[in-house]
Amino acid sequence: MTLKKGNEITLKIDSLAYGGQGLARADDFVIFIRYAIPGQTVRARIVKRRKSYAEARLLEVLKESEHTVQAPCEHFGVCGGCAFQQLDYQVQCREKGRQVFDLIERVAGLHEFERHDTLPSPDVFRYRNKMEFSFSDQRWLTRKEIDSGADIKKEPLYVGMHARGFFDKVVTINECHLCPAVTSDILARVRTVALDSGLPAYSTRTHTGFWRFCVIRTSHNTDDIMVNVITSRHEPEIADALKTELEAVPQITSLINGITASKSSVAYCTTEHLLKGESVITENLGGLSFQISSNSFFQTNSKQAGQLYAIIRETADFTPDDTVFDLYCGAGSIALYISDDVRQVIGFESVQAAVDNAVTNAQLNNISNCEFVCTDLMHALKDADAVLERYGQPDVVILDPPRGGMHPKTVEAVLRYRPQRIVHVSCNPATLARELQTLCAEDYRLISVQPVDMFPHTAHVESVSRLERVME
């Protein structure tokens, strides 16, 4: 079959590729179709042709999949937050696990390891404890709105989720089904203040403007709620207006006006103005209490985080004499969770606010065998002799890197420490596969991989891998 850009073709969707696209084959040639799900027969147009694959645009679903369900969200298909609410959840879990194993086999070249079924999330909706909403001066218009021919009122600014594939346009969100219902009320009130202010949204094109992000954290095991409205500068009158408007939501225990001058589209503030309550909220997990600040990383799915940490504990097979290095430790949640099982845990983290939270959390839970170090891992682990002299030889290293993965020099540094076991906690199967390829080249053997679904209806999947050092 000759496939050229612009050709229309009928395809049967076999599976989901990593990233959420439907995968089909034409004479064994791989074609990716966004928004398509396994079991569908579709008509699609080729939009990109490469040597080993093609990309196509979905034109029409000719036969619906037996795995199709009704998506509850009015924004689904436009909002970039969810990839497949219309796909049966059991199938989502199956496909995510297959993606993890496929990447490990193809990229890392590893085949002999134990595979576990994907652990489903206890909650399929309302599971997120943190949502980041963006301000923009451009709103995404749906095809229905455009085709209606009606005059679309232009607002001074919009706040919501980014439209799929766009960094500068947002979908105005009335309700998000992934987070608690109170989030929608809070966002609507922040939107009101922003519109009344007369100040513009920050533009990612010109890097000018005032309103940037609204970050809402909700504790699923306490009653705490944090709202951090991030702007380009502090305006006392705006801060007062936010405080007044959000008094109508008494559940809010922490109200912050975060400030950032960064040009990056990251909801991170360098300065905080506390408008109400405390600068942290508290979450309970596994019998422990954790204080979380606005910039701290904490697992977004609280209920599933408890199961994830239990898997980490089981996978690591700790002994009471173990020294554990916890890299990318964040607010110390993993380190504190496993502290009763080992002799000591040394947590390394590059964000000072997270380290401060980790220290506070250790004190809050009367844990004395955890030490937390604020440092750039790429540089800090270079001098292995100095680290080993200061903290001792690690028996286990836990890796929990950000989505972009570890710097290659950090991976090399881990190999120099020669721990008996490595537990790799990954939120990105692609970077996991590359890192496993290096770790298992000579010194380590991959024993098992457990996928964990932390984010139902999205393309993301977590996994916990166990590696053991090859004995000389």
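Predicted model: local features only at pLDDT ≥ 70, side-chain atom pairs only at ≥ 80, totals over all residues.
When residues up to four places away in sequence are set aside, Leu 432 is in contact with Ile 104, His 424, Ser 426, Ser 463 and Ser 465. Leu 446 lies 14 residues from Leu 432 along the chain, and the C-alpha atoms of these two residues are separated by 12 Å.

Helix H11 as a whole comprises residues 429–439, and its buried residues are Pro 429, Thr 431, Leu 432, Ala 433, Glu 435, Leu 436 and Leu 439. The packing partners of these buried residues include two helices, H1 (89–108) and H10 (408–417), together with the strands S19 (396–399), S20 (421–426), S21 (444–452) and S22 (462–469). At the start of H11, the backbone nitrogen of Ala 430 is approached to within 2.9 Å by a side-chain oxygen of Asn 428.

Strand S7, formed by residues 130–136, has 6 of its 7 residues buried and is therefore largely enclosed by the rest of the structure. Strand S7 is joined by 5 bridges to strand S10 (residues 211–218), the two running antiparallel, and within this pairing Phe 133 has Cys 214 as its bridge partner in S10. An antiparallel arrangement also relates S7 to strand S8 (residues 158–162), to which S7 is joined by 3 bridges; here the bridge partner of Ser 134 is Gly 160 in S8.

Notes:
Residues numbered from 1 in each chain as written. Heavy atoms only, no water. Buried < 20%, exposed > 50% of the residue type's maximum accessible area, 1.4 Å probe, protein only. Helix = DSSP H or I, 4+ residues; strand = E, 2+ residues; numbered from the N terminus. Pairing = 2+ DSSP bridges. Contact = heavy atoms within 4.5 Å. Polar contact = N/O pair within 3.5 Å; in protein donor to acceptor, adjacent residues only side chain to side chain.
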